[in-house]
Amino acid sequence: FFIFFRTKMSLYKSTLPTVLLVENDPQLEEFFVRMIVNCGYEVLVIRDENDLPTLNDSEFTSFHAVLVDDLVNPLRFFQNYRQRYVDLNLKKAPVLLVTSGDEDFNPDVVNNTFFIARKVNFNLSALTEKLEEAVNLSS
């Protein structure tokens, strides 16, 4: 497994594409980490959208895609995410959002999301294909 939590990531310079995983449920984290690693990528894990502003510049610039599961405040996440990229003058890494399926998202959230996967009728194959596309876009 190539999984790096925030304290380890800054000590290690990855040569493989890295995916930022935003997940606070340990069981779902394990599922998504395995999925990402099986796709051939490394993983940087944060627990929720409140951890995003605490990533240092090196950590923030290291990932090629972001996989997010059920945010408490999606609009705030995307505003913070977009602002950080503006501050660092970077191209945004594509965001893939996994949701419970019953939310009505603000158009700003939808417009800034590369792919939205619903847990209802969840399709792992579609999510892994979109993850690969997202990583390739930012590589």
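Colleague: How many aromatic pairs does a search of the whole structure find?

Modeller: This is a predicted model, in which local features need pLDDT of at least 70 and side-chain atom pairs count only at pLDDT 80 or more, while totals for chains, interfaces and linings use all residues. Residues are numbered from 1 along each chain as its sequence is written, and side-chain values use heavy atoms, with hydrogens and water left out. Rings of Phe, Tyr and Trp (its six-membered ring) pair if their centres lie within 6.5 Å; planes under 30 degrees apart count as stacked, over 60 as edge-to-face and the rest as tilted. On that criterion, the number of aromatic pairs found in the whole structure is eight.

Colleague: Which geometry do Phe 60 and Phe 63 adopt as an aromatic pair?

Modeller: Phe 60 is buried, with a relative accessible area of 0%, and Phe 63 is buried at 5%; buried means under 20% relative accessible area, exposed over 50% and partly exposed in between, with a 1.4 Å probe and protein chains only. The two ring centres are 5.2 Å apart and the angle between the planes is 70 degrees, so the pair falls in the class over 60 degrees. The geometry is edge-to-face.

Colleague: Why is the pair of Phe 60 and Tyr 81 tilted?

Modeller: The ring centres of Phe 60 and Tyr 81 are 6.1 Å apart, and the pair is tilted because the planes stand at 55 degrees. The pair links distant parts of the chain, with Phe 60 in helix α3 and Tyr 81 in helix α4, 21 residues apart. Helices (H or I, at least four residues) and strands (E, at least two) are DSSP runs, numbered from the N terminus. The value that decides the class is thus the plane angle, 55 degrees.

Colleague: Around what arc do the buried residues of α4 lie?

Modeller: The buried residues of α4 are Pro 74, Phe 77, Phe 78, Tyr 81, Arg 84 and Tyr 85. An α-helix has 3.6 residues a turn, so residues three or four places apart point the same way.

Colleague: Which exposed residues does the face of α4 turned away from its buried side carry?

Modeller: The buried side of α4 is covered by elements including β2 (18–22), α3 (57–60), β4 (63–69), β5 (95–99) and α5 (107–111). The face turned away from that side carries the exposed residues Val 86 and Asp 87.

Colleague: Is Leu 131 buried or exposed?

Modeller: Leu 131 lies in helix α6 (residues 124–138). Leaving aside neighbours within four places in sequence, Leu 131 is in contact (heavy atoms within 4.5 Å) with Val 19, Met 35, Ile 36, Cys 39, Tyr 41, Ala 65 and Leu 96. Its relative accessible area is 1%, so Leu 131 is buried.
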